[in-house]
Amino acid sequence: MEACPPLEVMEEAPQRSNDPLERRAIERVRNGDRGAYDYLVSKYIKRVVSIAWNIVRNPHDAEDLAQEAFVKAFENIGRFRTGEPFGPWIYRIVTNLALDVLKHRSRFRHEELTSAEPAARRDAADLRATSDEIADRVDRALESLPEMQRVVARLSLVEDFDHSEIAKMMKLSEGTVRSHLSLARKKLREELADLYD
Amino acid sequence: MTDDPFFDRLRNDAVRLRYDGDAMMVTRVTARVRERITAPPTVSLFLARWLRPVAVSLSAVALAGCISVALLERSAAEASMETLSANSMEISMAGDIYRVGE
């Protein structure tokens, strides 16, 4: 499973990390201080699990994927360019891992948590998120979308990534992302017309 | 934000669908990651780490060798065909002479 994204993408548009603690932690990890990795894990863990959860829709899988993503990032930290933000990199890794899980599921026709059993296997945090009726409607509308539209729409609407970030995370062109999002928007508008129109 | 009010309002509600794991989740995953990255590599992992690139390199060399041999054999066969067609051969049988290759 090739889930560690190439760094060339990051080299195209170099960004600078604004967090000196993060830069220092990465430097220390590169110098062999494994304990310094805790800072990076604790800083990004919630967002990474949320991204995974929004793709695979299963809290247990999401945690496993987050764990796997952090281990992969650690193993490849030597390739990481000093000074760049760690976030986009770990987000891409976890997105790729989660998309691999989706491919695996569709290949074996394995049905995980779907909208058919909305709250049965969700934990307290999830229930809190969807307890609101509107959020629940939005959640169900998003789940009714075809797979790629669903993933792109969730990364855009729920995780608030822009087109170029989603394109890099999913290894798609920005045009494809826009196209998926446009189709998703049309369906969501039909589905949620009574809520927003 | 977009120029589409529908999407902006939808986004405001959708943000609430973020998975906001509790402190236990954070502790659990952090501990698992720490355990994975600090655990000494097992023999199989150690071997896999070294053998994988070696196996890839050997495969690449073997593939290049196969392609080279195939190309050499092909050019040798073409050369012998050219030689055969360029040189005629005379066969005499029962007083008659037959020419082959012209």
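**The nonpolar core and its setting**

Author: From the N terminus on, the elements of chain A follow the order α-α-α-α-α-α-α-α-α-α-α. The model is a predicted one. In total, chain A has 11 helices and zero strands. Chain A comprises 197 residues, of which 37% count as buried. Among the contacts in chain A with a separation of 6 or more, 68% join residues 24 or more positions apart.

Against this background stands the largest nonpolar core, a set of 56 residues. Within this core, the residues with the most contacts are A:Val48, A:Ala52, A:Ala66, A:Ile90 and A:Val94. The element of chain A that gives the most to the core is helix α3, residues 37-56, with 12 residues. The core also draws on both domains of chain A: at least three residues come from each of domain 1 (15-112) and domain 2 (116-197).

Chain B has 25 residues in contact with 37 residues of chain A. On the side of chain B that touches chain A, the elements giving two or more residues are α1 (5-14) and α2 (23-38) of chain B. The largest share of that side, 10 residues, is provided by α2(B). By class, the side of chain B that touches chain A consists of 12 nonpolar, three polar and 10 charged residues.

Terms used. Residues numbered from 1 in each chain as written. Chains lettered and ligands numbered in written order. Predicted model: local features only at pLDDT ≥ 70, side-chain atom pairs only at ≥ 80, totals over all residues. Core = buried A, V, L, I, M, F, W, Y, C linked by C-beta atoms within 7 Å. Buried ≥ 20, exposed ≤ 12 C-beta atoms within 10 Å, placed from the backbone. Helix = DSSP H or I, 4+ residues; strand = E, 2+ residues; numbered from the N terminus. Domains from an automatic or database assignment. Contact = placed C-beta atoms within 7 Å. Nonpolar A, V, L, I, M, F, W, Y, C, P; charged D, E, K, R; others polar.
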